[in-house]
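Biologist: I have some time to go through a model with you. Can you put it up and start with a side chain you like?

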Amino acid sequence: MISRYSFPKMSHIWSEENKFHQMLQVELAICKAWNKEGKISDQDLLRYSRKHAFKLIGSKRLRRTHHDVIAFVTNVAENIGPEGRYVHMGATSSDILDTGLALQLKESVDCLLEFASIC
């Protein structure tokens, strides 16, 4: 996104950091669904929810894996610890990328609607 043609809130929505944040929200939602199915205990979900985080993925890991979702999932699992085994359980890369993109699109629409109401 070219900063001179965008306003800060929209630039943030389409930032790399927010992309990964939205992917993280998708992974957490999947774990919550597995919890409802009885595949993840309440205690493990609580620990997962408290620790789920990521550090912006460095280019070194991306070069090594050649796959942004694998690098992301590995990063999240390492930050969580033992409960990290639940990250990406039953999901495909497309599930995470497409749903994360949909969340970014929704944020963008909300931002545009907010901007339009000001004008």
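Modeller: Let's start with Arg 85, which counts as exposed at 51% relative accessibility. For that label, exposed is over 50% relative accessible area, buried is under 20%, and partly exposed lies in between, using a 1.4 Å probe and protein chains only. Before we go on, this is a predicted model, where local features need pLDDT of at least 70 and side-chain atom pairs count only at pLDDT 80 or more, while totals for chains, interfaces and linings use all residues. Residues are numbered from 1 along each chain as its sequence is written, and side-chain values use heavy atoms, with hydrogens and water left out.

Biologist: Good to know. Which residue meets the side chain of Arg 85 in a salt bridge?

Modeller: That is Asp 44, at 3.3 Å from N to O. Asp 44 belongs to helix 3 and Arg 85 to the loop between helix 5 and helix 6, so this pair ties together parts 41 residues apart in sequence. A salt bridge here is a side-chain nitrogen of Lys or Arg within 4 Å of a carboxyl oxygen of Asp or Glu.

Biologist: And Asp 44, buried or exposed?

Modeller: Asp 44 is buried, with a relative accessible area of 9%.

Biologist: Which residues are linked with Asp 44 and Arg 85 in a network of salt bridges?

Modeller: The network also takes in Arg 47, Lys 51 and Glu 83. Within it, Arg 47 pairs with Glu 83, their closest N and O atoms being 2.6 Å apart. That pair links distant parts of the chain too, with Arg 47 in helix 3 and Glu 83 in the loop between helix 5 and helix 6, 36 residues apart. Glu 83 counts as buried at 5% relative accessibility, and Arg 47 is partly exposed at 31%.

Biologist: How many salt bridges does the structure hold?

Modeller: There are 7. Another one joins Lys 106 and Asp 110, with the closest N and O atoms 2.7 Å apart. Those two are 4 residues apart in helix 6, so about one helical turn separates them. Lys 106 is exposed at 51% relative accessibility, while Asp 110 is partly exposed at 37%.

Biologist: Let's zoom out. What does the secondary structure come to?

Modeller: We get 6 helices and 0 strands. Helices (H or I, at least four residues) and strands (E, at least two) are DSSP runs, numbered from the N terminus. The C-alpha trace spans about 50 × 35 × 25 Å along its principal axes, and 33% of the 119 residues count as buried.

Biologist: Back to helix 3 then. Which of its residues are buried?

Modeller: In helix 3, residues 42–51, they are Asp 44, Leu 45 and Tyr 48. Their arc around the axis is only 100 degrees, which puts them on the same side of helix 3; that arc is taken from the directions from the helix axis to the C-beta atoms. On the other side, Asp 42, Gln 43 and Arg 50 are exposed.

Biologist: What covers the buried residues of helix 3?

Modeller: The cover includes helix 2 (16–36) and helix 5 (68–80).

Biologist: And which residues of helix 6 are buried?

Modeller: Ile 96, Gly 100, Gln 104, Ser 108 and Cys 111, with helix 1 (8–13) and helix 2 among what covers them. Gln 22 sits in helix 2 and touches Gly 100, Leu 103, Gln 104 and Glu 107, leaving out residues up to four places away in sequence. Contact means heavy atoms within 4.5 Å.

Biologist: Last topic, the backbone. What is phi of His 88?

Modeller: Phi of His 88 is near 75 degrees, a positive value in a residue other than glycine. Most residues other than glycine have a negative phi. His 88 is in the loop between helix 5 and helix 6 and counts as buried at 19% relative accessibility.

Biologist: Which residues does Ala 91 touch?

Modeller: Ile 30 and Ile 96, again not counting residues up to four places away in sequence. Ala 91 and Ile 30 are 61 residues apart in sequence but 8.0 Å apart in space, C-alpha to C-alpha.
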